[in-house]
Amino acid sequence: MEKEKFLQGNEAFAEGALYAGCNFFAGYPISPSSEIAEYMAYELPRRKGVFIEMEDEIASMGAVIGASLAGAKAMTATSGPGFSLKQEHIGFACITEVPCVIVDVMRGGPSTGTPTGPAQGDVMQARWGTHGDHPAVAIAPSTVEECFYEAVRAFNISEKYRNPVILLIDEVVGHMREKIRIPKPGEIEIINRRRPNEAYDDYLPYKPDLGGVPNIANFGTGYRFHITGLSHDWSGFPTNDPKRIGELIQRLTKKVEKGEDEILRWEEFMLEDAETAVVAYGSVARSAKFAVKCARNAGKKVGLLKLITIWPFPVKPLKRLAEHARKVIIPEMNLGQIVLEVERVIGGKADVIPINRVDTELISPDEILVKL
Amino acid sequence: MERYEVKLSGSGGQGLILAGMILAEAAALYDGKNAVQTQSYGPESRGGSSSSIVIISNQDIDYPKATKVDVLLALTQESVNKYAGDIKDGGILIVDEETVKDIPAGKYKIYKLPVIATARTQVGKVIVANIVALGLIAGLIELVSIDAIKKALFTRIPKGTEELNFRALEAGINLAKEAHLTVDPNLECISY
């Protein structure tokens, strides 16, 4: 069933989610993410899945968590204002270890901001939007094809590590149309959550298993257990025991850290001998690649590190480029968010130069080229 | 072939994003080229300014927005004022003769044509002005085959409107055949 399509990033993401086995979508339409809900509303009922338009974004996230606990592969899609509303429930999904995928198609903010204009202002929100120490996984595709493949990967990661996975798509990528080849079924590995095999009476839902990830049963499969946003022990019931609380919070973060080889993804372009490196993500990485090609044509030693996974932050490739790059340029459609991580990792070994734009226009190659 | 950039601009509701989508899909799926289409519009479903950018190339397309536009279609005065400066030297500006009164000076070829009037009187429905424009652009630039455009058009329009849309496309193609450059003696900068 191999086929070529000409799709928007949003539509390709929906195709990827369906490929990964997503069978539940709850959401509240919002620009510039609505095409994902539209696509899922059309496709899911035809595949015996469920699409619910909820009364708001908070309820959507609640429905996603409930559906996932009952065994569904569940997702929602929103934009900044809705992403803000979902934060409390995202924290709940982190501590209760409920697999789910949340798409935030970024528009100009804060508040209702600029509904149809691109931005990358939610990068830190994806990391720290919900309170307390928690692991965060966030991915920022820059092509329509990546929207598809990263959708599959997002579901795989969320199922394997039992953690919410956030997609930071910016408006340019979400609405941009490109050709994409939809892979055949079976061409990409699909990972499903592990199931418990203990006797019902011995079952401890939060007992760590492979990689520190517990095998939490799907509701309705015969296991009786308790789910709570309170700090809990292996039984799932609340605890005030500092030892158990400490173990839980450490384990949550560590289970994702242990998976970094699989979770982190980036692309290196002409970095081998680069004296100047551009670090970019999302649609801006496309402008950066264009600028790097122009500068290379002019004989300059420049390269691009394109981040696909943003959280956890890919430290390794940055440390590597800092070995020979004297200048690192960070263009972002915000007032400087990922640049803070870059500065932390580079540790003064190279000049770090941000390029920022918050007028909801994509940073142009020219703006990057003048700094190369 | 290097990047070729087409920008379709006007007001929200004129269907220019759809026209751009069809042009890009035709090039990408049926003509074996690379194509990227992006758009820019306001929160209004009608009115406000709206534009669609199509980049066509035989190479990878990185930057998805316009750098220097090869062809600009403008169906409102506001859009021609806003985007005429983006046209590359020797590029093409197509304006609707009914809605655009003042053409900014620049080093581009100008076609001032009855796009909207053709849709209204010849085809019979003003809403297909976008498809007339699509046929016109296809006829003028000859970069994407008419056959490919017809295939893409067919998959992107509501069932039952095929006849209307295909007539609009033909009307646009014919408009291109009869089109001649507008040379305005008041615009001294025009070099074509």
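This is a predicted model: local features need pLDDT of at least 70, side-chain atom pairs count only at pLDDT 80 or more; totals for chains, interfaces and linings use all residues.
View 1. Most of α6(A) is covered, with 17 of its 18 residues buried. The residue after α6(A) is A:Arg162, and its phi is positive, near 50°.

**View 2. An open sheet of 5 strands in chain A.** The strands are arranged in the order β10-β12-β11-β14-β15, with mixed pairing. The edges are formed by β10 (266–269) and β15 (351–356) of chain A; each has a single partner strand, so one side of each is left without a neighbour in the sheet. On average, and with direction ignored, neighbouring strands of this sheet are turned by 20° against each other. In general, the strands of a sheet pair through backbone hydrogen bonds, either parallel or antiparallel.

**View 3. The pairing of β10 with β12 in chain A.** Strand β12(A) comprises residues 302–307 and runs antiparallel to β10(A). The two strands are joined by 4 bridges. Across this pairing, A:Glu268 stands opposite A:Leu305, a residue of β12(A).

**View 4. Helices against the sheet of chain A.** Helix α10 (residues 283–297) of chain A packs on the sheet, where it touches β10, β11 (276–281), β12 and β14 (327–332). The direction of α10 makes about 165° with that of β12(A). Helix α12 (residues 338–346) of chain A lies across β11, β14 and β15 of that chain. Relative to β14(A), helix α12 runs at about 160°.

**View 5. The fold of chain B.** This chain contains 6 helices and 6 strands. Read from the N terminus, its elements follow the order β-α-β-β-β-α-β-β-α-α-α-α. The radius of gyration of chain B is 15 Å, close to the 16 Å given by the globule rule for 192 residues, so the chain is as compact as a globular protein of that length. Taken along the principal axes, the C-alpha atoms of chain B fill a box of roughly 45 × 40 × 35 Å.

**View 6. Burial and contacts in chain B.** Of the 192 residues of this chain, 49% count as buried. Among the contacts in chain B with a separation of 6 or more, 62% are between residues 24 or more positions apart.

Technical notes
Residues are numbered from 1 along each chain as its sequence is written. Chains are lettered from A and ligands numbered from 1 in the order in which they are written. Two strands pair if DSSP finds at least two bridges between them. Axes are lines fitted to C-alpha atoms, for helices over the stretch in contact, and angles run from 0 to 180 degrees between N-to-C directions. Two residues are in contact if their C-beta atoms, placed from the backbone, lie within 7 Å. The radius of gyration is taken over C-alpha atoms; the globule rule is 2.2 Å times the number of residues to the power 0.38. A residue is buried if 20 or more other C-beta atoms lie within 10 Å of its own, exposed if 12 or fewer, and partly exposed in between; C-beta atoms are placed from the backbone.
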